[in-house]
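Me: I am new to this structure and would like to know what stands behind the terms used for it. Please take them one at a time.

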Amino acid sequence: MEWEFVMADEQPVSEWSGGQTRELYIAPAGSSYAARDFTLRLSTAGVAASHSVFTALPDYERWLLLLSGELRLQHDGGEVVCMKPFQVNAFSGQSRTLSWGKCRDFNVMLRRTAEKTVTLEGWQGRGVKLTLPAAADEQHFFYAAAGGAEIEAVGIHLQLPAGALLHLCGASPELHLLLQGTLVHVGLVHRTRNN
C-alpha cells in the first residue's frame with residue numbers, strides 16, 4: 001500500500017458561478033478541470049448563491065456529499081431532493097442540475113469510461129473510532145474537512161491534519177480511523193471485481 005498527502009496549501013482554489021471551489025485531487029497528473037481531460041476529480045465547494053445551475057459535464061458521473069448547511073437539488077426537472085449533512089446524491093454530469101440553498105459540499109467527478117465503483121461517505125465526531133475492512137486493488141481517499149484524524153493499519157500510523165487529503169493506493173489491510181472532527185472517505189474499486 002502506498003500513500004500521498006495533499007496538504008491544504010497545495011490545493012488550488014477557484015471561483016465558480018455559485019461560490020468558491022477547492023480542488024483536492026485530480027488524475028491523471030497534468031490533466032485539468034478546464035480542459036475536461038481528467039479521469040477523477042475530488043473537490044469541496046462553498047455555495048454562497050441561494051440559487052445556482054451546475055456546470056454540464058456530459059462525460060462524467062458525479063457524487064455530492066453535503067458537509068454543512070442546506071441544499072435542494074433538482075435533476076432534469078424531476079423531483080426536488082432535500083439534502084441534509086452527510087447525505088449523498090449521485091447523478092449524471094449531463095443532467096441539468098439546479099440547486100437552492102447555501103452550504104459546503106464535497107464532490108466526486110469520475111469519467112464514465114473509468115469502469116470503477118465509487119463509495120462516498122462522511123462522518124463527524126471527536127474521539128470516534130471507525131474500522132474499514134481490508135480490500136484488494138482499491139484506492140482510498142480521506143479528507144479532513146474539519147479537525148483532523150488518525151489512520152492506522154498494520155505497519156502504518158498516519159496523522160491527517162485539518163484540510164489535508166490522504167490518498168492510499170493498492171491493497172489495504174483493515175484500516176482503523178480515529179476522528180477529531182469531520183472526515184470524508186472516497187473508495188474506488190474496479191467495477192468488474194464487483195460483478
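Reply: A definition comes first: two strands pair if DSSP finds at least two bridges between them. The model discussed here is a predicted one. Glu15 stands opposite Gln20 in E3.

Me: How do you know that strand E2 and E3 pair?

Reply: Four bridges join strand E2 (residues 13–16) to E3, and the two run antiparallel. Pairing asks for at least two bridges, so E2 and E3 count as a pair. A hairpin of two residues joins E2 to E3.

Me: What makes E3 and strand E4 a pair?

Reply: Eight bridges join E3 to strand E4 (residues 40–47), again in the antiparallel sense. The requirement is at least two, so this pairing qualifies. Tyr25 stands opposite Leu42 in E4.

Me: Why is strand E3 called largely enclosed?

Reply: Of the nine residues in strand E3 (residues 19–27), seven are buried, so the rest of the structure largely encloses this strand. Buried here means under 20% relative accessible area.

Me: Why are strand E5 and strand E8 called edge strands?

Reply: Four strands form an open sheet in the order E5-E10-E7-E8, with antiparallel pairing. Strand E5 (51–53) and strand E8 (80–83) each pair on one side only. From one strand to the next, the twist averages 20 degrees. E5 pairs with strand E10 (residues 97–100) over three bridges, where at least two are needed. In this pairing His51 stands opposite Trp100 in E10.

Me: Why is the pair of Phe106 and Tyr143 called tilted?

Reply: The structure holds five aromatic pairs. In the pair of Phe106 and Tyr143, the centres are 5.9 Å apart and the planes 35 degrees apart. Centres must lie within 6.5 Å, and planes under 30 degrees apart would be stacked, over 60 edge-to-face.

Me: What does the pair of Phe106 and Tyr143 tie together?

Reply: Phe106 belongs to strand E11 (residues 103–111) and Tyr143 to strand E13 (residues 138–153), so the pair ties together parts that are 37 residues apart in sequence. Both Phe106 and Tyr143 are buried.

Me: How do you know that Arg36 lies over the face of Tyr33?

Reply: Arg36 is at 4.3 Å from the ring centre of Tyr33. The limit is 6 Å, along with an angle within 35 degrees of the ring normal. Arg41 also lies over the face of Tyr33, at 4.3 Å from the ring centre. Tyr33 itself is linked by ring pairs with Phe38 and Tyr60 into a cluster.

Key:
Residues are numbered from 1 along each chain as its sequence is written. This is a predicted model: local features need pLDDT of at least 70, side-chain atom pairs count only at pLDDT 80 or more; totals for chains, interfaces and linings use all residues. Side-chain values use heavy atoms; hydrogens and water are left out. Rings of Phe, Tyr and Trp (its six-membered ring) pair if their centres lie within 6.5 Å; planes under 30 degrees apart count as stacked, over 60 as edge-to-face and the rest as tilted. Buried means under 20% relative accessible area, exposed over 50%, partly exposed in between (1.4 Å probe, protein chains only). Axes are lines fitted to C-alpha atoms, for helices over the stretch in contact, and angles run from 0 to 180 degrees between N-to-C directions.
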